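Reader: I am new to this structure and would like to be taken through it with care. Could we begin by looking at it together?

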Amino acid sequence: MAVFVPGDHCLPATPNAVGLLPREFNIVELKSLKLGPFRKRMDTQRRIERAAALIANSKYVVALTGAGISTPSGVPDFRSPGSGLWEKVNPILMASTFSFRLQPQAFYEWARPLARKLLEAEPNPAHRALAKLEDMGLLKAVITQNIDDLHQKAGSRRVLELHGNMRQATCLKCHRVVSTHGMMERFLEGEEVPNCSCGGLLKPNVVLIGEPLPRWVLLEAWGEAERCDLMLVVGSSLEIAPAAEIPFVALRCGAKAIVVNYQPTPLDSQAEVVIRKDVAEVLPRIIGQVGRLVDRYIGKSVDR
Ligand code: ZN
């Protein structure tokens, strides 16, 4: 009785053929032997190898990253209840340009714990893996929805920040752009709302809800999507437009896509590889494998 047809792992097609398993062995017992997790691990490994092969065979890889790449660094996704930012107010309302202009004091009070976490956060292995891929000459740009500076801290050089950054602030009165270096630390120590020397209110250069995205960054990101032959989506559920549209631009222009994200995304059905795992664990494995493939190729080239 052939009760189990294995995939590409090592069990024989007829379990009793080599006398290892009893004749009455069945699929229920296989489950009880916890082959489920084993098969899942094999499946993840295959996907990692497939993703690595796609990257190694590409000429122009572009990554799109979202909040999920920074949560292993302790940066909360402020849209998620349980992030600690929902305790008193709805952050969707608080992080809006209307709220900032109407109640700057309340906005800054709400933003203080988030700003502290952003300032203290360190890049994780997923950020570093992308920086390594850029060093290898394969990754040409990181388009990010994050404002935490962690790609730059990890060593990425070409980073397109769709939602701005906290390194600079703009005066709402005289429109002067100033560095927030030093200002952030004073603000975190409990100082009042940051003001410009002209007396105007300073707003960090992050895109609040209700504001348009920085036009030139968006245009550049669009250009990268049209140019790339592989789009790597990391830690984004692709729920917020226009960032969510960028991988679809790439696909329309003939690129392939890889998705590494815990949650399903609207791109999954069109992606070559989808891995729903911790990005900080999976991405270094993918990039490590890319490195081995590239080394092997270079080795062969030298031998010739
Ligand atoms: Zn000013």
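**The place of Val193**

Author: Val193 is located in the loop that joins α8 (183-188) to β6 (202-206), where helices (H or I, at least four residues) and strands (E, at least two) are DSSP runs numbered from the N terminus. This is a predicted model, in which local features need pLDDT of at least 70, side-chain atom pairs count only at pLDDT 80 or more, and totals for chains, interfaces and linings use all residues. Residues are numbered from 1 along each chain as its sequence is written.

Reader: Is Val193 buried, exposed or partly exposed, and why?

Author: A residue is called buried if 20 or more other C-beta atoms, placed from the backbone, lie within 10 Å of its own, exposed if 12 or fewer do, and partly exposed in between. Because Val193 has 13 other C-beta atoms within 10 Å, its class is partly exposed.

Reader: Leaving aside neighbours within four places in sequence, which residues is Val193 in contact with?

Author: Two residues are in contact if their C-beta atoms, placed from the backbone, lie within 7 Å. The C-alpha atoms of Val193 and Tyr108 are 6.6 Å apart, although 85 residues separate the two along the chain. With neighbours within four places left aside, the contacts of Val193 are Pro104, Gln105, Tyr108 and Leu201.

Reader: How many of the residues of α6 are buried?

Author: Helix α6 spans residues 125-135 and is mostly covered. Its buried residues include Pro125, His127, Arg128 and Leu133. Of the eleven residues in α6, the number buried is ten.
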